[in-house]
Amino acid sequence: MSLSLDEDQEELRRLVRGFLDDKAMTHRPPPADTRPQEYDPDVWRQLSAQLGLTGLTVPERYGGDGLGPAELGVVLEEMGRALCPSPFFATVALAGQALLRCGDVRAQERWLPGIASGALTATLATAEPDGGWESDVRTAATGLPDGGWSLNGTKSHVVDGHTADLLLVTARCPDGVGVFAVPGTAPGLTRTVLDALDPTRPLARIRLDATPATRIGTGDASAWLAAVRDQVRAALAAEQVGGAAACLDMAVAHARTREQFGRPIGSFQAVKHKCAQLLVEVECARSAARFAGSAVGTPGTEAAIAAGVARTYCSEAFTHAAKENIQIHGGIGFTWEHRAHLYLRRAKSSELLFGTPREERARLARLTMAGGTHA
(Lines give C-alpha, C1' and ligand atoms only; values in the text may rest on other atoms or scores of the structure.)
Protein backbone atom coordinates (compact mmCIF):
# COMPACT_ATOMS: atom_id res chain seq x y z
CA MET A 1 0.00 0.00 0.00
CA SER A 2 1.35 3.42 -0.99
CA LEU A 3 1.14 6.06 1.72
CA SER A 4 1.96 8.90 -0.68
CA LEU A 5 -0.78 11.23 -1.87
CA ASP A 6 -2.00 10.74 -5.41
CA GLU A 7 -2.32 13.67 -7.79
CA ASP A 8 -5.89 14.54 -6.80
CA GLN A 9 -5.15 14.31 -3.08
CA GLU A 10 -2.07 16.50 -3.46
CA GLU A 11 -4.13 19.10 -5.30
CA LEU A 12 -6.71 18.96 -2.50
CA ARG A 13 -3.95 19.48 0.06
CA ARG A 14 -2.59 22.53 -1.79
CA LEU A 15 -6.08 23.99 -2.14
CA VAL A 16 -6.91 23.65 1.54
CA ARG A 17 -3.54 24.93 2.72
CA GLY A 18 -3.75 27.99 0.49
CA PHE A 19 -7.23 28.78 1.77
CA LEU A 20 -6.33 28.33 5.43
CA ASP A 21 -3.12 30.34 5.13
CA ASP A 22 -5.22 33.20 3.81
CA LYS A 23 -8.34 32.90 5.96
CA ALA A 24 -7.70 31.04 9.17
CA MET A 25 -5.77 31.75 12.36
CA THR A 26 -2.30 31.51 10.86
CA HIS A 27 -1.81 35.28 10.57
CA ARG A 28 -3.86 36.34 13.59
CA PRO A 29 -2.36 37.20 16.98
CA PRO A 30 -3.20 34.65 19.68
CA PRO A 31 -5.75 35.64 22.33
CA ALA A 32 -4.51 36.71 25.74
CA ASP A 33 -6.86 34.31 27.52
CA THR A 34 -8.32 30.83 27.14
CA ARG A 35 -11.92 31.71 26.33
CA PRO A 36 -13.29 29.62 23.45
CA GLN A 37 -12.79 31.27 20.09
CA GLU A 38 -15.92 31.49 17.99
CA TYR A 39 -15.59 30.47 14.37
CA ASP A 40 -15.94 33.01 11.56
CA PRO A 41 -19.27 32.44 9.70
CA ASP A 42 -17.81 33.95 6.53
CA VAL A 43 -14.88 31.54 6.57
CA TRP A 44 -17.29 28.67 7.19
CA ARG A 45 -19.43 29.68 4.22
CA GLN A 46 -16.41 29.87 1.95
CA LEU A 47 -15.06 26.59 3.25
CA SER A 48 -18.36 24.85 2.55
CA ALA A 49 -19.82 26.67 -0.45
CA GLN A 50 -16.71 27.59 -2.43
CA LEU A 51 -14.37 24.72 -1.54
CA GLY A 52 -17.08 22.14 -0.90
CA LEU A 53 -15.13 20.62 2.00
CA THR A 54 -18.18 19.88 4.15
CA GLY A 55 -19.51 17.59 1.44
CA LEU A 56 -16.23 15.78 0.92
CA THR A 57 -17.36 12.38 2.26
CA VAL A 58 -21.10 12.81 1.67
CA PRO A 59 -22.44 10.63 -1.19
CA GLU A 60 -23.19 12.41 -4.44
CA ARG A 61 -26.91 11.67 -4.16
CA TYR A 62 -26.99 13.90 -1.07
CA GLY A 63 -25.01 16.74 -2.63
CA GLY A 64 -21.48 15.69 -1.72
CA ASP A 65 -18.38 14.39 -3.49
CA GLY A 66 -18.52 10.81 -2.23
CA LEU A 67 -14.85 10.63 -1.23
CA GLY A 68 -13.49 8.61 1.67
CA PRO A 69 -11.59 8.77 4.97
CA ALA A 70 -8.23 9.18 3.19
CA GLU A 71 -9.31 12.47 1.59
CA LEU A 72 -10.88 13.59 4.86
CA GLY A 73 -7.50 12.96 6.48
CA VAL A 74 -5.81 15.21 3.93
CA VAL A 75 -8.15 18.07 4.82
CA LEU A 76 -7.89 17.53 8.57
CA GLU A 77 -4.10 17.45 8.45
CA GLU A 78 -4.13 20.94 6.95
CA MET A 79 -6.72 22.14 9.45
CA GLY A 80 -4.57 20.83 12.28
CA ARG A 81 -1.61 22.70 10.85
CA ALA A 82 -3.54 25.99 10.89
CA LEU A 83 -5.42 25.40 14.18
CA CYS A 84 -8.50 26.47 12.29
CA PRO A 85 -11.39 27.22 14.69
CA SER A 86 -14.43 25.84 12.90
CA PRO A 87 -17.15 23.22 13.40
CA PHE A 88 -15.65 21.12 10.58
CA PHE A 89 -14.30 18.32 12.78
CA ALA A 90 -17.54 18.02 14.76
CA THR A 91 -19.81 18.27 11.72
CA VAL A 92 -17.93 16.18 9.17
CA ALA A 93 -15.67 13.82 11.14
CA LEU A 94 -18.06 13.15 14.03
CA ALA A 95 -21.73 13.63 13.12
CA GLY A 96 -21.25 13.16 9.39
CA GLN A 97 -19.49 9.81 9.77
CA ALA A 98 -22.14 8.65 12.26
CA LEU A 99 -24.90 9.41 9.77
CA LEU A 100 -23.01 7.63 7.00
CA ARG A 101 -22.61 4.51 9.16
CA CYS A 102 -26.07 4.37 10.75
CA GLY A 103 -27.80 2.68 7.81
CA ASP A 104 -30.88 4.88 8.27
CA VAL A 105 -31.74 6.19 4.79
CA ARG A 106 -34.43 8.54 6.09
CA ALA A 107 -31.99 10.17 8.51
CA GLN A 108 -29.38 10.47 5.77
CA GLU A 109 -31.86 12.08 3.39
CA ARG A 110 -32.94 14.49 6.09
CA TRP A 111 -29.58 15.73 7.36
CA LEU A 112 -26.71 14.86 5.01
CA PRO A 113 -27.66 17.46 2.35
CA GLY A 114 -27.47 20.18 4.99
CA ILE A 115 -24.05 18.98 6.13
CA ALA A 116 -22.83 18.82 2.53
CA SER A 117 -23.92 22.41 1.83
CA GLY A 118 -22.64 23.79 5.11
CA ALA A 119 -26.13 24.96 6.08
CA LEU A 120 -26.20 22.54 9.02
CA THR A 121 -23.59 22.16 11.75
CA ALA A 122 -23.72 19.03 13.87
CA THR A 123 -21.82 17.04 16.48
CA LEU A 124 -21.76 13.66 18.19
CA ALA A 125 -22.37 13.51 21.95
CA THR A 126 -21.20 10.21 23.45
CA ALA A 127 -19.07 10.99 26.53
CA GLU A 128 -20.78 10.68 29.90
CA PRO A 129 -20.04 13.12 32.78
CA ASP A 130 -16.85 11.22 33.65
CA GLY A 131 -15.48 12.21 30.22
CA GLY A 132 -15.07 8.62 29.09
CA TRP A 133 -15.72 8.16 25.39
CA GLU A 134 -16.54 4.48 25.77
CA SER A 135 -18.02 4.53 29.27
CA ASP A 136 -21.26 2.70 29.98
CA VAL A 137 -24.07 4.79 28.52
CA ARG A 138 -26.14 6.23 31.37
CA THR A 139 -28.20 8.78 29.44
CA ALA A 140 -31.67 7.24 29.26
CA ALA A 141 -34.10 7.16 26.34
CA THR A 142 -37.80 6.62 27.00
CA GLY A 143 -40.27 5.71 24.28
CA LEU A 144 -43.37 7.89 23.96
CA PRO A 145 -46.90 6.82 22.97
CA ASP A 146 -46.68 8.76 19.71
CA GLY A 147 -43.58 6.81 18.62
CA GLY A 148 -41.12 9.53 19.61
CA TRP A 149 -38.47 9.45 22.30
CA SER A 150 -37.54 11.47 25.38
CA LEU A 151 -33.96 11.78 26.66
CA ASN A 152 -32.72 12.38 30.20
CA GLY A 153 -29.10 12.66 31.20
CA THR A 154 -25.86 14.57 30.72
CA LYS A 155 -23.17 14.43 28.05
CA SER A 156 -19.78 16.02 28.54
CA HIS A 157 -16.86 17.14 26.37
CA VAL A 158 -19.09 17.56 23.33
CA VAL A 159 -17.03 19.17 20.56
CA ASP A 160 -18.74 22.41 19.43
CA GLY A 161 -21.81 21.28 21.35
CA HIS A 162 -22.75 24.83 22.31
CA THR A 163 -23.33 25.97 18.71
CA ALA A 164 -24.26 22.80 16.77
CA ASP A 165 -27.60 22.91 14.97
CA LEU A 166 -27.98 19.16 15.43
CA LEU A 167 -26.71 16.86 18.17
CA LEU A 168 -26.48 13.09 17.75
CA VAL A 169 -26.74 11.71 21.28
CA THR A 170 -26.11 8.15 22.47
CA ALA A 171 -28.57 6.88 25.06
CA ARG A 172 -29.60 3.63 26.71
CA CYS A 173 -32.90 2.20 25.52
CA PRO A 174 -34.71 -1.15 25.95
CA ASP A 175 -32.91 -2.84 23.04
CA GLY A 176 -29.41 -1.58 23.80
CA VAL A 177 -27.58 1.61 22.87
CA GLY A 178 -29.39 3.98 20.54
CA VAL A 179 -28.42 7.14 18.72
CA PHE A 180 -30.87 10.04 18.79
CA ALA A 181 -31.07 13.29 16.84
CA VAL A 182 -31.72 16.37 18.96
CA PRO A 183 -32.11 19.85 17.42
CA GLY A 184 -30.05 22.55 19.07
CA THR A 185 -33.27 24.41 19.94
CA ALA A 186 -35.07 21.42 21.49
CA PRO A 187 -36.97 22.02 24.76
CA GLY A 188 -35.26 20.66 27.84
CA LEU A 189 -31.82 20.98 26.26
CA THR A 190 -29.23 23.00 28.17
CA ARG A 191 -25.80 23.67 26.67
CA THR A 192 -22.88 25.02 28.71
CA VAL A 193 -19.41 25.84 27.40
CA LEU A 194 -16.72 24.14 29.46
CA ASP A 195 -13.57 25.84 30.73
CA ALA A 196 -11.25 23.86 28.44
CA LEU A 197 -7.48 23.94 27.95
CA ASP A 198 -7.70 24.54 24.20
CA PRO A 199 -9.50 27.78 23.21
CA THR A 200 -9.47 26.81 19.52
CA ARG A 201 -11.71 23.74 20.11
CA PRO A 202 -14.70 24.57 22.34
CA LEU A 203 -16.21 21.76 24.40
CA ALA A 204 -19.66 21.79 25.96
CA ARG A 205 -21.73 19.99 28.56
CA ILE A 206 -25.15 18.91 27.33
CA ARG A 207 -28.01 18.41 29.77
CA LEU A 208 -31.17 16.67 28.61
CA ASP A 209 -34.35 16.96 30.67
CA ALA A 210 -37.25 15.15 29.01
CA THR A 211 -35.82 16.39 25.70
CA PRO A 212 -37.70 15.16 22.63
CA ALA A 213 -35.55 13.26 20.14
CA THR A 214 -35.71 11.25 16.94
CA ARG A 215 -34.09 7.84 16.89
CA ILE A 216 -31.57 7.08 14.15
CA GLY A 217 -31.47 3.50 12.97
CA THR A 218 -32.99 0.51 14.72
CA GLY A 219 -31.72 -1.99 17.24
CA ASP A 220 -28.49 -1.82 19.20
CA ALA A 221 -26.14 0.73 17.58
CA SER A 222 -23.00 -0.52 19.37
CA ALA A 223 -21.52 -2.25 16.30
CA TRP A 224 -21.72 0.66 13.89
CA LEU A 225 -20.74 3.12 16.62
CA ALA A 226 -17.52 1.10 17.07
CA ALA A 227 -16.79 1.60 13.36
CA VAL A 228 -17.51 5.33 13.72
CA ARG A 229 -15.09 5.55 16.65
CA ASP A 230 -12.36 3.99 14.53
CA GLN A 231 -12.99 6.56 11.80
CA VAL A 232 -12.86 9.34 14.38
CA ARG A 233 -9.56 8.00 15.74
CA ALA A 234 -8.08 8.07 12.24
CA ALA A 235 -9.45 11.56 11.57
CA LEU A 236 -8.06 12.97 14.81
CA ALA A 237 -4.69 11.33 14.12
CA ALA A 238 -4.51 13.11 10.76
CA GLU A 239 -5.27 16.42 12.43
CA GLN A 240 -2.58 15.78 15.04
CA VAL A 241 -0.04 15.12 12.29
CA GLY A 242 -0.80 18.55 10.86
CA GLY A 243 -0.26 20.20 14.23
CA ALA A 244 3.00 18.33 14.80
CA ALA A 245 4.25 19.28 11.33
CA ALA A 246 3.44 22.94 12.01
CA CYS A 247 5.42 22.80 15.26
CA LEU A 248 8.39 21.30 13.39
CA ASP A 249 8.23 24.00 10.71
CA MET A 250 8.04 26.76 13.33
CA ALA A 251 10.98 25.32 15.26
CA VAL A 252 13.18 24.94 12.17
CA ALA A 253 12.35 28.45 10.92
CA HIS A 254 13.23 29.93 14.31
CA ALA A 255 16.44 27.90 14.57
CA ARG A 256 17.58 29.27 11.19
CA THR A 257 17.04 32.93 12.07
CA ARG A 258 17.61 33.21 15.82
CA GLU A 259 21.28 33.89 16.59
CA GLN A 260 23.29 33.34 19.74
CA PHE A 261 27.03 33.88 20.09
CA GLY A 262 27.11 35.22 16.53
CA ARG A 263 25.61 32.16 14.82
CA PRO A 264 22.12 30.68 14.20
CA ILE A 265 21.02 28.42 17.03
CA GLY A 266 20.22 25.79 14.42
CA SER A 267 23.95 25.27 13.97
CA PHE A 268 24.27 23.97 17.54
CA GLN A 269 24.28 20.19 17.79
CA ALA A 270 21.68 20.01 20.56
CA VAL A 271 19.13 21.96 18.47
CA LYS A 272 19.97 19.94 15.37
CA HIS A 273 19.26 16.73 17.24
CA LYS A 274 15.91 18.03 18.49
CA CYS A 275 14.80 19.01 14.99
CA ALA A 276 16.01 15.76 13.44
CA GLN A 277 14.16 13.68 16.03
CA LEU A 278 10.99 15.69 15.47
CA LEU A 279 11.25 15.12 11.72
CA VAL A 280 11.44 11.35 12.24
CA GLU A 281 8.46 11.39 14.60
CA VAL A 282 6.33 13.55 12.31
CA GLU A 283 7.00 11.34 9.29
CA CYS A 284 6.24 8.18 11.27
CA ALA A 285 3.04 9.77 12.57
CA ARG A 286 2.03 10.75 9.04
CA SER A 287 2.55 7.18 7.84
CA ALA A 288 0.47 5.79 10.71
CA ALA A 289 -2.34 8.29 10.12
CA ARG A 290 -2.47 7.70 6.37
CA PHE A 291 -2.50 3.95 6.79
CA ALA A 292 -5.35 4.28 9.28
CA GLY A 293 -7.22 6.58 6.90
CA SER A 294 -6.97 3.95 4.19
CA ALA A 295 -7.94 1.09 6.51
CA VAL A 296 -11.02 2.49 8.28
CA GLY A 297 -13.00 2.65 5.07
CA THR A 298 -13.63 -1.08 5.62
CA PRO A 299 -14.60 -1.81 9.24
CA GLY A 300 -12.90 -4.78 10.85
CA THR A 301 -9.87 -5.95 12.74
CA GLU A 302 -7.28 -4.21 10.59
CA ALA A 303 -9.18 -0.93 10.73
CA ALA A 304 -9.58 -1.06 14.50
CA ILE A 305 -5.91 -1.81 15.11
CA ALA A 306 -4.65 0.72 12.56
CA ALA A 307 -6.85 3.47 14.00
CA GLY A 308 -5.75 2.68 17.56
CA VAL A 309 -2.06 2.65 16.69
CA ALA A 310 -2.36 5.93 14.78
CA ARG A 311 -4.31 7.54 17.59
CA THR A 312 -1.69 6.53 20.17
CA TYR A 313 1.42 7.40 18.19
CA CYS A 314 0.14 10.66 16.72
CA SER A 315 -1.06 11.88 20.12
CA GLU A 316 2.37 11.47 21.64
CA ALA A 317 4.20 12.79 18.57
CA PHE A 318 2.12 15.98 18.53
CA THR A 319 2.59 16.61 22.24
CA HIS A 320 6.35 16.06 21.99
CA ALA A 321 6.63 18.33 18.93
CA ALA A 322 4.66 21.09 20.67
CA LYS A 323 6.87 20.92 23.76
CA GLU A 324 10.11 20.88 21.78
CA ASN A 325 8.89 23.81 19.66
CA ILE A 326 8.47 25.87 22.82
CA GLN A 327 11.91 24.83 24.07
CA ILE A 328 13.63 25.75 20.79
CA HIS A 329 11.93 29.15 20.79
CA GLY A 330 13.25 29.85 24.27
CA GLY A 331 11.70 32.67 26.29
CA ILE A 332 9.30 33.89 23.60
CA GLY A 333 7.87 30.40 23.29
CA PHE A 334 6.46 30.60 26.82
CA THR A 335 4.60 33.88 26.30
CA TRP A 336 1.07 34.77 25.20
CA GLU A 337 2.54 36.83 22.35
CA HIS A 338 3.63 33.69 20.49
CA ARG A 339 1.43 30.98 19.00
CA ALA A 340 3.52 28.07 20.27
CA HIS A 341 1.43 27.60 23.41
CA LEU A 342 -1.75 27.19 21.35
CA TYR A 343 -0.28 24.13 19.67
CA LEU A 344 0.64 22.63 23.03
CA ARG A 345 -2.89 23.30 24.26
CA ARG A 346 -4.37 21.60 21.21
CA ALA A 347 -1.92 18.70 21.52
CA LYS A 348 -2.77 17.98 25.15
CA SER A 349 -6.52 18.39 24.70
CA SER A 350 -6.54 16.15 21.61
CA GLU A 351 -4.43 13.57 23.42
CA LEU A 352 -7.14 13.25 26.08
CA LEU A 353 -10.25 14.04 24.06
CA PHE A 354 -11.33 10.47 23.28
CA GLY A 355 -9.37 8.64 25.96
CA THR A 356 -5.71 8.69 26.97
CA PRO A 357 -2.95 6.88 25.04
CA ARG A 358 -2.70 4.42 27.94
CA GLU A 359 -6.41 3.60 27.63
CA GLU A 360 -5.96 3.23 23.88
CA ARG A 361 -3.10 0.77 24.37
CA ALA A 362 -5.24 -1.22 26.79
CA ARG A 363 -8.03 -1.31 24.20
CA LEU A 364 -5.57 -2.50 21.55
CA ALA A 365 -4.37 -5.26 23.87
CA ARG A 366 -7.94 -6.40 24.52
CA LEU A 367 -8.72 -6.20 20.83
CA THR A 368 -5.73 -8.34 19.90
CA MET A 369 -6.32 -10.90 22.64
CA ALA A 370 -9.99 -11.20 21.66
CA GLY A 371 -9.04 -12.03 18.10
CA GLY A 372 -10.14 -8.74 16.60
CA THR A 373 -13.48 -8.16 18.32
CA HIS A 374 -14.03 -4.47 19.10
CA ALA A 375 -13.50 -3.80 22.80
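Q: What share of the contacts between residues at least 6 apart in sequence join residues at least 24 apart in this chain?
A: The share is 72%. The model is a predicted one, and a contact here requires heavy atoms within 4.5 Å.

Q: How do you know whether the radius of gyration of the chain agrees with that of a compact globule?
A: A compact globule of 375 residues would have a radius of gyration near 21 Å, and the chain has 21 Å, so the value agrees. Along its principal axes, the C-alpha trace spans about 80 × 45 × 40 Å. Of the 375 residues, 57% count as buried. The accessible surface comes to about 15900 Å², and carbon and sulfur atoms account for 53% of that surface.

Q: What makes up the secondary structure of the chain?
A: The chain has 10 helices and 9 strands.

Q: Why is Val182 called buried?
A: Buried means under 20% relative accessible area. Val182 has 1% relative accessibility, and therefore counts as buried. Val182 is placed in strand S5 (residues 176-183).

Q: Which residues is Val182 in contact with, leaving aside its neighbours within four places in sequence?
A: Among them are Leu151, Leu166, Leu167, Val169, Leu189 and Leu208. Asp165, Thr211, Pro212 and Ala213 are also in contact with Val182. As for Arg215, its C-alpha is 9.1 Å from that of Val182, while the two residues are 33 apart in sequence.

Q: Why is the pair Glu128 and Lys155 called a salt bridge?
A: The definition asks for a side-chain nitrogen of Lys or Arg within 4 Å of a carboxyl oxygen of Asp or Glu. In the pair Glu128 and Lys155, the closest N and O atoms are 2.6 Å apart, and the pair forms a salt bridge.

Q: Are Glu128 and Lys155 buried or exposed?
A: Glu128 has 1% relative accessibility and counts as buried. Lys155 is buried too, its relative accessible area being 0%. The cut-off for buried is under 20%.

Q: Where do Arg14, Glu10 and Glu11 lie?
A: Arg14 and Glu10 both lie in helix H1 (residues 7-23), 4 residues apart, which is about one turn of the helix. Glu11, also in helix H1, is 3 residues from Arg14, again about one turn.

Q: Why is Arg14 called partly exposed?
A: Partly exposed covers the range between the buried cut-off, under 20%, and the exposed cut-off, over 50%. Arg14, at 42% relative accessibility, therefore counts as partly exposed. Glu10, with 23%, is partly exposed, and so is Glu11, at 43%.

Q: How many salt bridges does a search of the whole structure find?
A: The search finds 21 salt bridges.

Q: How far apart are the mean positions of the positive and negative charges of the chain?
A: The mean positions of the 39 positive and 43 negative charges are 5 Å apart.

Key
Residues are numbered from 1 along each chain as its sequence is written. This is a predicted model: local features need pLDDT of at least 70, side-chain atom pairs count only at pLDDT 80 or more; totals for chains, interfaces and linings use all residues. Side-chain values use heavy atoms; hydrogens and water are left out. Helices (H or I, at least four residues) and strands (E, at least two) are DSSP runs, numbered from the N terminus. Buried means under 20% relative accessible area, exposed over 50%, partly exposed in between (1.4 Å probe, protein chains only). The radius of gyration is taken over C-alpha atoms; the globule rule is 2.2 Å times the number of residues to the power 0.38. Accessible areas come from the Shrake-Rupley method with a 1.4 Å probe; for residues, only the protein chains shown count as cover. Lys and Arg count as positive and Asp and Glu as negative; His and the chain ends are not counted. The place of a charge is taken as NZ of Lys, CZ of Arg, CG of Asp or CD of Glu.
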